[in-house]
Amino acid sequence: MAMDNFKEEIVVKRHSGAVNAAYYLAWVLLVISGIIGLLMLNFAISSIGNPEYGFQWQQLVIGVLFAGIAVLIWLKKDGLRVEYEYTFTNGVLDVSMVMNNSKRRYLMELPLKIVESCGSVNHPSFKRYLSDKTIKKHNWFLNRDNNLVYFFFNKNNVKHLVVLEPSDEMLEMIKSRNYLNFGVWQN
């Protein structure tokens, strides 16, 4: 009975102080914008029945603007806390993005047999792919100072260049057992 080669890892931002501060600041701005928006909309609506002041267009516009800002912050705040999940199973690499530990978005399934070139981003071949405007580029990493690895492949007649930050253990697993075709790994 053959054993499966399986490795799963989650990539997190190492220095996340600024990210956490931005996330909490977004929450504060969301609450303040929501309160201002609701108050201004309330004043504008209550002025409808008051013939002394007439309808207050300025308050309506300000209320809608601040309510819109609150909604926009609500929709975008989870994107501030991002993690990537890499799963390697018998020559197939799956990548997902996890936002704020609550929302998961599946990004890609990459069978390593279709990879045409891969290696460290410090290798000259990476620079060649990076300068090609016809290649769709995906940066699915969080720590620039980590050992970043690129994968170049053609899928559904579209050229892709993916940059990841797998651990050394996952990288050794990827390079072992002939999962990659001969000559694909660039040293």
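Reader: Is Asn90 buried or partly exposed, and what is its relative accessible area?

Author: This is a predicted model. Asn90 lies in the loop between β2 and β3. A residue counts as buried under 20% and as exposed over 50%, with partly exposed in between. Asn90 is therefore partly exposed, its relative accessible area being 34%.

Reader: What is the phi of Asn90?

Author: Most residues other than glycine have a negative phi. Asn90 is not a glycine, yet its phi is positive. This residue sits in the turn of the hairpin that β2 and β3 form, with two residues between the strands. The phi of Asn90 is about 45°.

Reader: How many bridges join β2 to β3, and which residue is the bridge partner of Tyr84?

Author: β2 and β3 run antiparallel, and eight bridges join them. One of the residues in these strands is Tyr84, whose bridge partner lies in β3. That partner is Met97.

Reader: Why is β2 described as largely enclosed by the rest of the structure?

Author: β2 has eight residues. The description follows from how many of them are buried, so the count is the deciding point. The number of buried residues is seven.

Reader: What is the volume of the largest pocket, and which elements give two or more residues to its lining?

Author: The largest pocket has a volume of about 230 Å³. Of the 14 residues in its lining, those closest to its centre are Val19, Asn20, Arg81, Val82 and Glu83. The lining divides into seven nonpolar, four polar and three charged residues. The elements that give two or more residues to this lining are α1 (17-46), β2 (82-89) and β3 (92-99).

Reader: Which residues of helix α3 are buried, and which exposed residues does the face turned away from them carry?

Author: In helix α3 (residues 124-131), the buried residues are Ser125, Phe126 and Tyr129. They cover an arc of only 100° around the axis, so they lie on the same side of α3. An α-helix has 3.6 residues a turn, so residues three or four places apart point the same way. The face turned away from the buried side of α3 carries the exposed residues Pro124, Arg128 and Ser131.

Reader: Which strands stand at the edges of the open sheet?

Author: Five strands form the open sheet, with mixed pairing, in the order β6-β8-β7-β5-β9. Each edge strand has a single partner strand, so one side of each is left without a neighbour in the sheet. The edge strands are β6 and β9.

Reader: Which residue in β9 is the bridge partner of Cys118?

Author: β5 and β9 run parallel and are joined by two bridges. The buried residues of α3 pack against strands including β5 and β9. In β9, the bridge partner of Cys118 is Trp185.

How values were computed: Residues are numbered from 1 along each chain as its sequence is written. This is a predicted model: local features need pLDDT of at least 70, side-chain atom pairs count only at pLDDT 80 or more; totals for chains, interfaces and linings use all residues. Side-chain values use heavy atoms; hydrogens and water are left out. On a 1 Å grid over the protein atoms alone, a cavity is a set of points where a 1.4 Å probe fits but cannot get out, and a pocket is an open set with protein on both sides within 12 Å along at least five of seven lines; lining residues have an atom within 4 Å of a point. Grid points are joined across faces, edges and corners, and a volume is the space filled by probe spheres set on the points. Helices (H or I, at least four residues) and strands (E, at least two) are DSSP runs, numbered from the N terminus. Ala, Val, Leu, Ile, Met, Phe, Trp, Tyr, Cys and Pro count as nonpolar, Asp, Glu, Lys and Arg as charged, and the others, Gly among them, as polar. Buried means under 20% relative accessible area, exposed over 50%, partly exposed in between (1.4 Å probe, protein chains only). Two strands pair if DSSP finds at least two bridges between them. The arc is that of the directions from the helix axis to the C-beta atoms. Contact means heavy atoms within 4.5 Å.
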